[in-house]
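Hi,

Here is the structure I promised to pass on to you. Please open it alongside this message and have a look before reading further.

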Amino acid sequence: MEDLAGPEVIETKKGGVWLLKNPNTNKGLAFSYEEREQLGLGCMLPHRLCTIEEQVALELEHLRAKPTDLEKYIGLASLQDRNEVLFYRVLVENMEEFMPIVYTPTVGLACQQYSHIFRTARGIWLTPDDADRIPQILRNRPLPDIRLIVVTDNERILGVGDQGCGGMGIPIGKLALYVAGAGIHPSKCLPISLDVGTDNPRLLEDPLYLGYRKRRLRGQEYDDFIEAFVQGVLKVFPRALLQWEDFHNKQAFRILDRYRKQILCFNDDIQGTGAVALAGIFASQRVTGTSIADQRVLYIGAGEACTGIARRVAAAMRSEGASKKAIQRAQLMFDIHGLVRRNYNMEPHCVQFAATPDTLSHYGLPDADATPEQVITAFKPTVLVGATACPGVFRQSMIEEMTRHVDRPVIMPLSNPTGKAECSPSEAIAWTAGRGLVATGSPFPPVDYQGRRHVIGQANNVFIFPGLGLGALVSGVREIGDEMFTLAARTLADSVTADRLESGALYPPQSELREVSRRIACAIVKHAGETHVGRHIPPYEIEATVRRVMWYPDYVPIVRKR
Ligand code: NAI
């Protein structure tokens, strides 16, 4: 697994301006005088040498002077295309400031504006016209040893829908978080867009739209295309981990079920979200002194996110010995047409969470339409999760009713980007009279309520996927088992400090992301060894091994290859 770490020296036959124009080799003013001399860079840079710290300070000056977040996004993307090490150094050292730019919420806007802010291409685009030559195209990857791929078909980008080729912002952003958050070397990462067309009329009518200007591929042709893609990845990158990202739920569950045992892969929207939300629930139990079996979870929005969470909560309950009936009674779901139950015209993915007649009668609920408030009165949820991309869905009356029955209600308005949240944290805190434990999908500032400051933890999947991915790659597993997501959730929940919990936050600050990722990776490696699904690394060596492969962005010497 040593090959996961970045190189200690770069040997190259190239020289001169090529090195300055290549983001993987460019150090700008940090090229030493000796390197300048030996690599044909003499007099191609101003005289001054800069340390990377000085370069970071300069970049911060530029970025902070930008008037909007979208401009900052463009500035950071340009830096990534100019000098990769410096880009990651800026990101790693200023995670809280720039993660909301590189990823949600700003990336949502960047995806929507993609064709108009496009500067430099990154990653690989595959269109239906390429279906019979996918391996050939994948071999065009910029660097040889790809170990991590994030792929989207662009249909459900965050909460902003079909963004056609603009969805590429998501794999690029996610991979940046893998690198910054878990130290996976950037040369191992490849973003891929399956540009199968778009049904977004705004894009189809835009004369400057940069993508494949056709209606979306559907049906058997779509499935055949995905199959060709998976076979291509298996052929060209047999050791890579594939992350499915922002597919519509009609495709996401089918694809995951079909391929999870064929190729090392997972779906972050379903499984990563399940784990990060479960971690929030586990963390809340440290405040309330309850166990997973004590929870009753009400979901609003029976899509990928909520179904993924419900699966994970059910698995956690099962692993702690809860009966099938108890698990069924512990979770209820609303979707757009009401409570999901028998006879509800539901999507296949949420059938297993439809309220059974036993559950309804257990809570004295009718097998007929009921409002969320009525369900809350009867069900007395301890946790309320929203993932609808529909702002305002958490009404004051719902949260007040919940607060009547529970001492510390857990409120999770998870929708992204910011404007899509089901309610704002300040509303959730006020409506629970300051007793709510609130976690959101997008970042929010603390809320001051009646003389007390409530820190809002962000249920960001970034606390799960980088560490999980790193652990999977280090241990060389062939499949990411369900139990690994629960393990990651438990490790994340245990990483929240007592002080932070006291302030109301169910998640650590993003400044601790690398430490959290390291802990998750170690837990995965240990588990994989113990259960014989991955490389056996002696327990006393696991931490050192994980630390060794985690890349910290710094320049390495560049020398001429003879
Ligand atoms: P999805 O499209 O699979 O599911 C959304 C569901 O909400 C659909 O079933 C839809 O019918 C339902 N819905 C819409 N309006 C509703 C309403 N007024 N009442 C009840 N149900 C309603 O989308 P997915 O993947 O589940 O994502 C939803 C949102 O969650 C997005 O904004 C996404 O960005 C966010 N999300 C947040 C995560 C996090 O915080 N870590 C992770 C994954 C998703």
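Below are my notes on what turned up in it.

Please keep in mind that this is a predicted model.

Let me begin with the sheet. Five strands make up an open sheet, and going across it the order is S2-S4-S3-S5-S6, with parallel pairing. The edges are taken by strand S2 (124–126) and strand S6 (265–267); each has a single partner strand, so one side of each is left without a neighbour in the sheet. From one strand to the next, the twist averages 20 degrees.

Within that sheet, strand S3 (residues 148–152) and strand S5 (residues 241–244) run parallel and are joined by four bridges.

Two helices lie across S5 and S6. One of them is helix H13 (residues 249–259), which runs at about 160 degrees to S6. The other is helix H14 (residues 268–288), and its angle to S6 is about 75 degrees.

Next, helix H19. Which of its residues are buried? In H19 these are Met 398, Ile 399, Glu 401, Met 402 and Thr 403. And what do they pack against?

Pro 105 sits in the loop that links helix H6 (95–102) to helix H7 (106–112). Another cis peptide bond joins Asn 416 to Pro 417, and here omega is about -15 degrees. Pro 417 belongs to the loop between strand S11 (410–413) and helix H20 (425–431).

Positive phi values also occur in residues other than glycine. Ala 389 has phi near 55 degrees, and its place is the loop between strand S10 (383–386) and helix H19 (396–405). Ala 389 is partly exposed, at 27% relative accessibility. For Gln 450, phi is near 45 degrees. Gln 450 lies in the loop between strand S13 (447–449) and strand S14 (452–454), and it is exposed, with a relative accessible area of 69%.

Last, the cysteines. How many disulfides does the structure hold? The count is zero. Cys 265 is in no disulfide: its nearest cysteine sulfur belongs to Cys 189 and is 17 Å away. With a relative accessibility of 3%, Cys 265 counts as buried. Cys 522 is in no disulfide either, and the nearest cysteine sulfur to it, again that of Cys 189, is 19 Å away. Cys 522 also counts as buried, at 12% relative accessibility. For a disulfide, the two sulfur atoms would have to be within 2.5 Å of each other.

That is everything I wanted to hand over. Happy browsing, and do write back with any thoughts.

Best wishes

Key: Residues are numbered from 1 along each chain as its sequence is written. This is a predicted model: local features need pLDDT of at least 70, side-chain atom pairs count only at pLDDT 80 or more; totals for chains, interfaces and linings use all residues. Side-chain values use heavy atoms; hydrogens and water are left out. Buried means under 20% relative accessible area, exposed over 50%, partly exposed in between (1.4 Å probe, protein chains only). Two strands pair if DSSP finds at least two bridges between them. Axes are lines fitted to C-alpha atoms, for helices over the stretch in contact, and angles run from 0 to 180 degrees between N-to-C directions. Contact means heavy atoms within 4.5 Å.
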